Amino acid sequence: MIITLQDILRDYKSDMERMETRLHESLGTDVALIRQVSKYILGAGGKRFRPLLHLLSARLCGCRGHDAEYVLGSVVEFIHTASLLHDDVIDEAKVRRGRTSANSIWGNQASILVGDYLYSKALYHGVRLHNQRVMDVLSETTTAMSEGEVLQLMQIQNPDMNEADYFRIVECKTGVLITAACRLGAVISKAPLSQEDALAAYGKKLGLAYQITDDTLDYAADQKELGKELGKDLAEGKVTLPLIYLLRKAAPDEQDALRAILCADHLNDNDLAYTLALMDKHGVVSDSLRHAQSLADDAKATLAVFPESAARQALTTLADYVVQREH
């Protein structure tokens, strides 16, 4: 039987409601500004994708409704939310998930400081589980995410950036947290290392597929569906997989024009239209989505070490969902 994302959200509705309650209870602050900013961004309509992956991974390994599942789901979401707050300041973003970004409302200083609070709170709750393996995973993850931000900054407006550089950035910025969400499900279940490693491999492949798709939708999606401005990455000088493919396939004169567009101080409508037309001409959106689907298929294959179950079927469905979002 084929299941959908809606089926999964329905089947795990009570678990995710419990996760949501834990998430808001875990903020634990009487500082009004922290509550305001955190509530705003946590309530911005995200699907709680990482906590859901964590929950499903724990269930796949036999964990059933332990409080640690919900604690770690909240920890992962706090880390993700903190990274969004910091990203929007770095990118000078005006919109996040279709709403005005927190930094546009409260300013950069508040966004950075509340992001710092959420990172600290995540580690606080992780420590209270008294599980050194959990803390090893969380500390390695947050370190790698910080490295990814710096690596991306170093590659802004670099038309010579290659696939290896891109995948390292994607793994650090997106892959490691999704990997951690899945691995921690095995850790708290005291699953054998073979299962922990399988879930980590699933998370890594899924994270790469997720970000490639996100980067590709930046050039191909309906703006209302995506919740961000079309061509935003290009305007910010970010070189992502579709642009890497395009620079490789384009004719010399087209390459020169693309380099000039990427390195310009501002992106105008004509330059964006030209870039989108070239992407259509050279088929790089399809190329990028095929690469993402291949990684999603690899992610599904890693789950073969587990017996068939509702949790395994749900994780398989999510691997396809990340590539087949609106585009």
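**Exercise 1. Find out how the radius of gyration of the protein chain compares with that of a compact globule.**

Step 1: start from the rule, where the radius is taken over C-alpha atoms and a globule gets 2.2 Å times the number of residues to the power 0.38.
Step 2: for 327 residues that rule lands near 20 Å, and the protein chain has 20 Å, so the two agree.
Step 3: for the outline, the C-alpha atoms fill a box of roughly 60 × 45 × 30 Å along the principal axes.

A quick note on the ground rules. This is a predicted model, so local features need pLDDT of at least 70 and side-chain atom pairs pLDDT 80 or more, while totals for chains, interfaces and linings use all residues. Residues are numbered from 1 along each chain as its sequence is written, and side-chain values use heavy atoms, with hydrogens and water left out.

**Exercise 2. Describe the make-up of the protein chain: its secondary structure, its buried share and its contacts.**

Step 1: count the elements, which are DSSP runs numbered from the N terminus (helices are H or I with at least four residues, strands are E with at least two). The tally is 17 helices and two strands.
Step 2: sort residues by relative accessible area (buried is under 20%, exposed over 50%, partly exposed in between, using a 1.4 Å probe and protein chains only). Of the 327 residues, 56% come out buried.
Step 3: look at contacts, meaning heavy atoms within 4.5 Å. Taking those between residues at least 6 apart in sequence, 76% join residues at least 24 apart.

**Exercise 3. Which kind of aromatic pair do Phe49 and Tyr210 form, and which kind do Tyr166 and Phe167 form?**

Step 1: a pair of aromatic rings is described by the distance of the centres and the angle of the planes. Here, rings of Phe, Tyr and Trp (its six-membered ring) pair if their centres lie within 6.5 Å; planes under 30 degrees apart are stacked, over 60 edge-to-face, and the rest tilted.
Step 2: by this rule there are three aromatic pairs. One of them, Phe49 with Tyr210, is stacked, at 5.4 Å centre to centre and 25° between the planes.
Step 3: Phe49 sits in helix α4 (residues 49-60) and Tyr210 in helix α10 (residues 193-220), so the pair ties together parts that are 161 residues apart in sequence. Both Phe49 and Tyr210 are buried.
Step 4: now take Tyr166 and Phe167, whose ring centres are 5.3 Å apart with planes at 70°, so this pair is edge-to-face. Tyr166 is buried at 3% relative accessible area, and Phe167 counts as buried at 18%.

**Exercise 4. What surrounds Arg50, and is Arg50 buried or exposed?**

Step 1: locate Arg50 in helix α4.
Step 2: check its cover; a relative accessible area of 7% makes Arg50 buried.
Step 3: list its partners, skipping residues up to four places away in sequence: Arg50 touches Val76, His80, Leu177, Ile178, Ala181 and Tyr210. Tyr210 is also the ring that stacks with Phe49.
Step 4: compare sequence and space. Arg50 and Thr179 are 129 residues apart along the chain, with their C-alpha atoms separated by 9.3 Å.

**Exercise 5. Work out how Asp215 and Asp197 are placed in helix α10.**

Step 1: both belong to this helix, Asp215 and Asp197.
Step 2: go to accessibility. Asp215 counts as buried at 5%, whereas Asp197 is partly exposed at 36%.
Step 3: find the contacts of Asp215 beyond four places in sequence: Tyr166, Val170, Asp233, Thr240 and Pro242.
Step 4: for Asp197, take Arg183, 14 residues away along the chain; their C-alpha atoms are separated by 7.2 Å.
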